[in-house]
Amino acid sequence: MASASNGATSPVPQKKRRLSPTQDTPVLSPTLIHAASQVAAGFPATQAAIATGTLPSKEQIKVASMAKVKELPPIVHLSKTDTAPQLKIENYLTVKGGMRGYRTSRATHGVNSGDYYYECWIMPGPTADEIKDILPSNARLAPKLKEQLQNGKNPGAHSRIGWSMRLGDLQAPVGYDKWSYGYRDISGSRVHKSRREDGWGGEPYKPGDVVGFAIASELHKIYFFRNGVAMGQFIISRGKREGGAAFDDIAEGVYYPAISVFLGGGVRANFGPHFVYNPRKLPHGLKVKPVSELCERPKPVAEIADRMKDLPKKTDETFVKSLEEALKAEAEVRIESYEQHYRQHVEDVKREREARNLSTGDLM
């Protein structure tokens, strides 16, 4: 075949060599690929291997699984692919940055039904000297900010946190557009469509505070908390606590935890299952679940043998055994990753509670 660009003859494409069924890596038929992929649901490394038409060894699957959980751990965390590139994510849960303006990071899992809650730990921002070191020398700054830095005054980092759909702008703060709803550190304002309201009953927050965020999907409501206590205007009617919503008519959709930071702000997300402050003074009848429950726990090894029954009856026994070993290898890696993150989670929550003289009895 001649090339349209220069008339040179293109090399004849070589067919990819496929391993024979008698080798260590068996070739799979399209029917078996589909069936095996269904059996491997929830095991991304094994599914990826099956999609190529072959099944690597147990050792290869283990190595691939370790790479997968490092890239995408089996927990709810801040998404690298759904975060403004100017921000930095540390240890999957902490976001920092926004030196040149508000930027946003969203979580990996969203809410489209049910009532869920997460909290954030507000971290100290950089000093004036640290800000000057980070910013490029030719950075264009607002006159007031420039004067503060020149005089060695810390202008203070800021954050806005809340809930956002995927369409929310990552190059702007939560609450900037119609796709997100935010809680602002200054004045405790609620923000939506860039409209700020200070007098709704919110309180300002600062480094050291723990702020919380609940969403009640069926009620179309969002609630904000500071140090575990729900904010807003409540009334007691016939002995029932009602009201308190920061927003009470949110549009239908899938909402993700979202964090915006500015001028080096730092926020640590805690999606549960344990919290520094369990949400208190909720409206009557509202029971929230931790956002961590949106991510299904890794499949236990004991379930894998039952999965093999879903393969076609005439599937080669050698392949069945290889697939079972691959799934068990990946399950072990994913379970260990989950348990490691959970142990760290408990330690972190315990440390934060002890710093506030709060009980840690439920963490033992």
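Let's start with Thr83, whose side chain makes a polar contact with the side chain of Ser105 at 2.7 Å. A polar contact here is a pair of N or O atoms within 3.5 Å; within protein, one must be able to donate a hydrogen and the other to accept it, and residues adjacent in sequence count only if both atoms are side-chain atoms.

Quick background, everyone: this is a predicted model, where local features need pLDDT of at least 70, side-chain atom pairs count only at pLDDT 80 or more, and totals for chains, interfaces and linings use all residues. Residues are numbered from 1 along each chain as its sequence is written, and side-chain values use heavy atoms, with hydrogens and water left out.

Back to Thr83. Its side chain also reaches the backbone oxygen of Ser79, at 2.5 Å. Thr83 sits in strand E1, residues 78-83; strands are DSSP runs of at least two residues, numbered from the N terminus. Is Thr83 buried or exposed? Thr83 counts as buried, at 10% relative accessibility. Buried means under 20% relative accessible area, exposed over 50%, and partly exposed in between, using a 1.4 Å probe and protein chains only.

Now for some backbone angles. Most residues other than glycine have a negative phi, and most peptide bonds are trans. Ser194, though not a glycine, has a positive phi of about 65°, and lies in the loop between strands E8 (190-192) and E9 (195-197). Arg238 is not a glycine either, yet has a positive phi of about 55°. Arg238 is exposed, with 84% relative accessibility. Finally, please find Gly272 and Pro273: a cis peptide bond joins them, with omega about 15°.

Key. Helices (H or I, at least four residues) and strands (E, at least two) are DSSP runs, numbered from the N terminus.
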